[in-house]
Amino acid sequence: MGYENIRVETRGRVGLVTLNRPSALNALNSALIAELNTALGGFEADEKIGCVVLTGSEKAFAAGADIKEMGSLTYMEAYLNDFITSWDQVSRSRKPIIAAVAGYALGGGCELAMMCDFIIAADTAKFGQPEITLGVMPGAGGTQRLTRFVGKSKAMDMCLTGRMMDAEEAERSGLVSRVVPADELLEEAMKAAEKIAGFSLPIAMMTKESVNRSYETTLAEGVRFERRVFHSMFATEDQKEGMSAFVDKRKPQFNNR
Ligand code: CAA
């Protein structure tokens, strides 16, 4: 499929999606989101893909929802079309997705990054939920996910003042997993993705599902869920291979079964 707002590549077992709407700092309009969902759906269905990297440009991961597109929306249009719900595809993906963020990740851009499994930030990254400056609030999960990442006080600060957080503060607050020099961002994100994609895909998917369960349940239920999934891993060929390889002092050859 020909994409106009994103670039889609496969590098080994890693799917790479680059948001590519430079004239609007990768502002997320409906065309871009539709393309992103198609690309992610393709990677999700492709057994050869073990991990996905989502990135933007040097200047912007994404500067938010497209203000020009949504500015004139009426309540009925927003309600009847369930505006923004289709953006959730990233968070519904079962394969690991890494956000590689340089420059602005604002509003829906920050929310999109937070839907990924973890964020690697360039030292130039700037995160923010500036929706309040536009007379709205975050609408793609920002009030919920940011609070879970950085806690109530900082989430309130970000959402109520609309201020930006730099990469150093984002790492200190737990929003991003690591900060790297801007010119090494893609290389570092690809290295992490290749590492993940080199493990067993079903095991990585189950691990992701279990970590995500911690957001949705109590500790006791979450641990029970983890235990059930952990037990089920002993039915996989990859568990036998991984542990035999350790004992034999060789590199495991996972076959994703
Ligand atoms: N929507 C539409 N267009 C946008 C945009 C957005 N979110 N962000 C930037 N652009 C456009 C600008 O209008 C400009 O286009 P023109 O050249 O045609 O004028 C182009 O991108 C470049 O932007 P700037 O000239 O503003 O670049 P800058 O370097 O001076 O400033 C910036 C960069 C601080 C990121 C600034 O562009 C900005 O504040 N953008 C808006 C950020 C924002 O408020 N995001 C939240 C959107 S609401 C939302 O996301 C709701 C939700 O929760 C889902």
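The ligand is surrounded by 24 residues, of which K59, A65, G108, E111 and E131 are the closest; a residue counts as near a molecule or strand if one of its heavy atoms lies within 4 Å of it. This is a predicted model, in which local features need pLDDT of at least 70 and side-chain atom pairs count only at pLDDT 80 or more, while totals for chains, interfaces and linings use all residues. Residues are numbered from 1 along each chain as its sequence is written, and side-chain values use heavy atoms, with hydrogens and water left out.

By class, the shell around the ligand holds 14 nonpolar, five polar and five charged residues. Here Ala, Val, Leu, Ile, Met, Phe, Trp, Tyr, Cys and Pro count as nonpolar, Asp, Glu, Lys and Arg as charged, and the others, Gly among them, as polar. The elements α2 (67-70), β6 (104-106) and α5 (108-115) each supply at least two residues of this shell, and α2 gives the most, with three residues. Helices (H or I, at least four residues) and strands (E, at least two) are DSSP runs, numbered from the N terminus.

A polar side-chain atom of K68 lies 2.9 Å from a ligand oxygen. For G108, a backbone N or O atom is 2.8 Å from an oxygen atom of the ligand. In E131, an N or O atom of the side chain is 2.7 Å from a ligand oxygen. The protein covers 66% of the 980 Å² of accessible area that the ligand has on its own; accessible areas come from the Shrake-Rupley method with a 1.4 Å probe, and for residues only the protein chains shown count as cover.

Helix α5 can be taken next. Eight of its eight residues are buried, so α5 is largely enclosed by the rest of the structure. Buried means under 20% relative accessible area, exposed over 50%, and partly exposed in between (1.4 Å probe, protein chains only). The buried residues of α5 are G108, G109, C110, E111, L112, A113, M114 and M115.

C110 is in no disulfide, and the nearest cysteine sulfur, that of C159, is 8.6 Å away. C110 has a relative accessible area of 1% and is therefore buried. C116 is in no disulfide either, with the nearest cysteine sulfur, that of C51, 10.0 Å away. At 5% relative accessibility, C116 also counts as buried.

In soluble globular proteins, nonpolar side chains tend to be buried together. A nonpolar core is a set of buried Ala, Val, Leu, Ile, Met, Phe, Trp, Tyr and Cys residues joined through side-chain atoms within 4.5 Å. The largest nonpolar core has 44 residues, and F61, F127 and L175 touch the most other members. Helix α1 (residues 30-45) contributes the most to this core, with six residues. A second, separate core has 17 residues, including A102, L185, A189 and I196.

Two threonines follow. T207 lies in helix α10 (residues 201-213), and its relative accessibility of 40% makes T207 partly exposed. The side chain of T207 reaches the backbone oxygen of I203 at 2.7 Å. From T207 to E111, 96 residues apart along the chain, the C-alpha separation is 22 Å. T236 is placed in the loop between α11 (219-232) and α12, and is buried, with a relative accessible area of 9%. A polar atom of the T236 side chain lies 2.6 Å from the backbone oxygen of M233, and a polar atom of that side chain lies 3.1 Å from the backbone nitrogen of Q239.

Most residues other than glycine have a negative phi, and most peptide bonds are trans. D82 has a positive phi, near 50°. D82 lies in the loop between α3 (75-80) and α4 (89-92) and is partly exposed, with a relative accessible area of 44%. N256, which is not a glycine, has a positive phi of about 60°. N256 is found in the segment after α12 (237-248) and is buried, at 15% relative accessible area.

Key. Polar contact = N/O pair within 3.5 Å; in protein donor to acceptor, adjacent residues only side chain to side chain. Disulfide = S-S within 2.5 Å.
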